[in-house]
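Here's a quick briefing to read alongside the model. Have a look at the fold first, then come back for the details.

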Amino acid sequence: ILEEAGGCTEGRPTFEGCCEFDGRFSLVFWRNEFWLYARANLNRGVRHVQVASSPDLRTWSRWHLVRIHGLRHSNTSHTNIYFMGAHVNPLNTSSLVALLPLNDPAHQRATLRSSICATFSLDGVHWSPLVPLLPAVPIGDRTADQPAVGLACCDDGRVHIYMQESVPQIVRRSASSQLVR
């Protein structure tokens, strides 16, 4: 199925233009289409997110890099978005909300150098400026903590997010990984 969606981004020379799709996927049904978000490897150690859409899970659009307002991406930057967990916004179903781990050591705002962020979209491709929710410890080009791909909306109207602390194979210490709200 994924091979039918052309134009994927794979910038690591060892893959010779073939996308590895080596990260988490996020699939959401919204506005009568399926939206599939996948990691885009812009270069070795430089990650972003790409999206393709389908009305029926058989016919797919071409892949497009998502655009996040105020965030520049290039194959030489040090900005890493490891994945994007997209959801229909439970508080406004005409939009999407996504959670993502950001590692951007050169960002002007200290709160956006390494953090778990939220962003919103009205079209699935263009996203609002990042809203830092929680700080995260940078480990190389990744973050030690990452959002779990899931939102929970309670009866009181609050939206809860979950985070995996000390993600295995990223954190090499003896601390155990756990899911926290």
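Two strands count as paired if DSSP finds at least two bridges between them, and the strands themselves are DSSP runs (E, at least two residues; helices are H or I, at least four), numbered from the N terminus. With that in hand, Asn43 sits opposite Val46 in β3. Keep in mind that this is a predicted model, where local features need pLDDT of at least 70, side-chain atom pairs count only at pLDDT 80 or more, and totals for chains, interfaces and linings use all residues. Residues are numbered from 1 along each chain as its sequence is written, and side-chain values use heavy atoms, with hydrogens and water left out.

**Overall build**

- The protein has 16 strands and 0 helices.
- Its C-alpha trace spans about 45 × 45 × 30 Å along the principal axes.
- The radius of gyration is 16 Å, which agrees with the value near 16 Å for a compact globule of 181 residues; it is taken over C-alpha atoms, and the globule rule is 2.2 Å times the number of residues to the power 0.38.
- Of the 181 residues, 43% are buried, where buried means under 20% relative accessible area, exposed over 50% and partly exposed in between (1.4 Å probe, protein chains only).
- Among contacts between residues at least 6 apart in sequence, 44% join residues at least 24 apart; a contact here means heavy atoms within 4.5 Å.

**Surface and charge**

- The accessible surface comes to about 9,700 Å², and 52% of it belongs to carbon and sulfur atoms; the areas come from the Shrake-Rupley method with a 1.4 Å probe, and for residues only the protein chains shown count as cover.
- There are 17 positive and 15 negative charges, and their mean positions are 7 Å apart.
- For that tally, Lys and Arg count as positive and Asp and Glu as negative, while His and the chain ends are not counted; each charge is placed at NZ of Lys, CZ of Arg, CG of Asp or CD of Glu.

- β1 and β2 pair antiparallel over 5 bridges, with Ser26 opposite Tyr37 in β2.
- β2 (residues 33-43) and β3 (residues 46-54) are antiparallel too, over 9 bridges, and Ala40 faces His48 in β3 across that pairing.
- β2 is mostly covered, with 8 of its 11 residues buried.

**Turns, loops and positive phi**

- As background, most residues other than glycine have a negative phi.
- The β1–β2 hairpin has 2 residues between its strands, and Arg31 there takes a positive phi near 55°.
- Asn32 lies in the loop between β1 and β2 and has a positive phi near 60°; Asn32 is exposed, at 62% relative accessible area.
- The β2–β3 hairpin also has 2 residues between its strands, and Gly45 in the turn has a positive phi of about 80°.
- Leu57, in the loop between β3 and β4, has a positive phi of about 70° without being a glycine; Leu57 is partly exposed, at 33%.

**Around Tyr162**

- Tyr162 belongs to strand β15 (residues 159-165) and is partly exposed, with a relative accessible area of 28%.
- Tyr162 and Leu151 are 11 residues apart in sequence, and their C-alpha atoms are 7.1 Å apart in space.
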